[in-house]
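Here is a friendly walk through one protein model, written to be read beside the sequence and the 3D view. Keep both open as you go.

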Amino acid sequence: QVTDTLTKESPGSPSYDWFQTDSLVTLVIYTKQKDINSDSVIVDHQVDSFRAETIIKDYSYIIHIGLSHEIQEDFSVRVIENVGKIEIVLKKKENTSWKRLGHPLENHNSLIPKKDTGLNYRKCQLISKECVTHDTKLFCLMLPPSTHLQVPIGQHVYLKLTITGTEIVKPYTPVSDFLLSELKEPVLNNKYIYLLIKIYAAGLFTPELDHLQIGDFVSVSNPEGNFKISQFQELEDLFLLAAGTGFTPMVKILNYALTNIPSLRKVKLMFFNKTEDDIIWRSQLEKLAFKDKRFQVEFVLSAPTSEWNSKQGHISPGLLSEFLKRSLDRSKVLICICGPTPFTEQGIRLLQDLNFSKDEIHSFTA
Ligand code: FAD
Ligand code: NAD
């Protein structure tokens with residue numbers, strides 16, 4: 001049964017079914033949509049509840065059940081993309097026959113606007129923490145085995161910690177480790193979330209995060225954000241304008257663009273920082289530019305030392321008009337911009353002055 005929150009614009013009603021063998025219970029979700037992939041479904045199993053949230057356009061289809069019998073911690077999720085079917089295979093703890101799947105919990109079997117689903121959290125373990133610059137660290141968090149969650153490109157998660165009795169929540173954008181792959185074995189499964197986080201000595205949240213020990217836990221929310229992969233369709237020129245940790249959404253975008261867009265001619269990153277010491281993954285970016293001729297990177301410093309003989313200053317019409325040269329007269333462009341709010345706001349104004357349309361600009365904001 002579908003709740004009354006359905007509107008005319010909402011997708012066709014999804015449904016679910018289940019069946020069992022001696023040792024397994026398979027839950028099947030029929031989304032009735034074709035553009036469903038492994039990012040579209042988030043599954044959490046806790047002692048007394050099983051919850052699967054499937055994102056279908058701007059809606060969430062929720063399965064939320066108190067299971068009738070115990071299951072093992074891990075499960076598998078398979079998405080059959082061309083028919084929009086999701087299979088979640090649970091392992092029974094005991095090989096008995098289940099008469100029913102369980103009892104419905106909040107919002108079970110309902111399709112509700114995504115904005116109304118609330119942030120759902122699970123505890124993730126800190127696996128490693130490495131210095132990247134003098135104040136920025138790469139945190140690796142491990143999802144529990146009882147969670148299936150992948151953060152889509154351009155989306156962020158919220159981290160939650162209790163600080164002196166109050167729950168504090170801040171957003172962070174996961175990065176991929178592709179720029180590090182020369183140093184490390186690539187991680188093949190999706191159990192890890194990498195975050196590049198700047199620690200502000202006088203900040204509320206980041207000093208606490210920095211105090212966590214390896215093995216400690218932090219709560220991580222479902223992903224959010226309005227970047228759509230369809231913005232890459234037929235793309236020829238991709239321009240990335242990043243300031244400070246505003247670089248984080250660009251990491252996955254860069255990786256995706258260079259590996260998945262056949263029409264792509266060039267990708268240019270203009271990376272604004274205060275000083276040379278603040279530049280995140282500088283040598284990795286330079287190596288990538290050397291290796292892949294479609295990619296170029298330019299560093300702009302707002303507070304350089306006298307030795308710096310490249311670009312300097314803040315975002316400006318002069319810097320942008322020189323940087324944003326299309327590879328062909330009418331090439332399809334996308335400009336992504338992210339950084340401190342005044343930087344992003346000023347950047348958008350300058351891009352509009354340069355006659356780029358709204359569809360050609362994606363800004364990352366809260
Ligand atoms: P805050 O307490 O917010 O303070 C930040 C700085 O401002 C400190 O230097 C502090 O001294 C100063 N400050 C605080 N209050 C004042 C005041 N009233 N007047 C003057 N100065 C003040 N950050 C990352 O590092 N990595 C990411 O991947 C990332 N992703 C993000 C994604 C999104 C969608 C958004 C919106 C933000 C993202 N951020 C990211 C920023 C992050 O959410 C936090 O804002 C950041 O970590 C600061 O948190 P904090 O509580 O430690 O600092
Ligand atoms: P920072 O203070 O080190 O500044 C980096 C550069 O930003 C400066 O060198 C300068 O070129 C530019 N800049 C800073 N203030 C400016 C201003 N007032 N006007 C014009 N340009 C300005 O940056 P940081 O401490 O790394 O902060 C990064 C910011 O990016 C944070 O505010 C964070 O919230 C934001 N961020 C947002 C997202 C998102 O929305 N998705 C993701 C990651 C980071």
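Two strands count as paired if DSSP finds at least two bridges between them. Helices (H or I, at least four residues) and strands (E, at least two) are DSSP runs, numbered from the N terminus.

This is a predicted model, in which local features need pLDDT of at least 70, side-chain atom pairs count only at pLDDT 80 or more, and totals for chains, interfaces and linings use all residues. Residues are numbered from 1 along each chain as its sequence is written, chains are lettered from A and ligands numbered from 1 in the order in which they are written, and side-chain values use heavy atoms, with hydrogens and water left out.

**Confidence**

pLDDT is the predictor's confidence in each residue, from 0 to 100. The chain averages 93, and 95% of the residues score at least 70. Over residues 1-8, pLDDT stays under 50. Where pLDDT is low, the predicted coordinates should not be read in detail. For residues 1-8 the model has 14 contacts (heavy atoms within 4.5 Å) beyond four places in sequence.

**Around strand β7**

Let's start with β7, residues 85-92. Is this strand mostly covered or uncovered? Of its 8 residues, 6 are buried, where buried means under 20% relative accessible area, exposed over 50% and partly exposed in between (1.4 Å probe, protein chains only). Strand β2 (residues 24-30) pairs with β7 in the antiparallel sense over 7 bridges, and Tyr 30 stands opposite Lys 85. Strand β6 (residues 71-80) also pairs with β7 in the antiparallel sense, over 7 bridges; here Ser 76 stands opposite Val 89. The hairpin of β6 and β7 has 4 residues between the strands, and Gly 84 takes a positive phi near 65° there.

In strand β4 (residues 49-56) you will find Ser 49. Ser 49 counts as buried because its relative accessibility is 13%. Beyond its neighbours within four places in sequence, Ser 49 is in contact with Asp 44, His 64, Ile 65 and Leu 105.

**Nonpolar cores**

A nonpolar core is a set of buried Ala, Val, Leu, Ile, Met, Phe, Trp, Tyr and Cys residues joined through side-chain atoms within 4.5 Å. The largest one has 42 residues, and Leu 238, Phe 247, Trp 281, Leu 285 and Phe 295 have the most contacts inside it. Elements that each supply at least two residues of this core include β18 (237-243), α2 (248-260) and α3 (282-291). Helix α2 gives the largest share, 6 residues. Why does this core lie between domain 2 and domain 3? Domain 2 (121-221) and domain 3 (229-363) both give residues to the core, so it lies between them; the domain bounds come from an automatic or database domain assignment. Apart from it lies another core, of 24 residues, among them Leu 141, Val 151, Val 157 and Tyr 172.

**Salt bridges**

A salt bridge is a side-chain nitrogen of Lys or Arg within 4 Å of a carboxyl oxygen of Asp or Glu. The whole structure has 17 of them, including these:

| Pair | N to O distance |
|---|---|
| Glu 53 and Arg 51 | 2.8 Å |
| Arg 282 and Glu 276 | 2.8 Å |
| Asp 292 and Arg 294 | 2.8 Å |

Salt bridges that share partners join Arg 78, Lys 85 and Glu 87 into one network. Glu 53 and Arg 51 are both buried. Arg 282 is partly exposed, with a relative accessible area of 26%, and Glu 276 is partly exposed at 33%. Asp 292 counts as buried at 16%, whereas Arg 294 is partly exposed at 25%.
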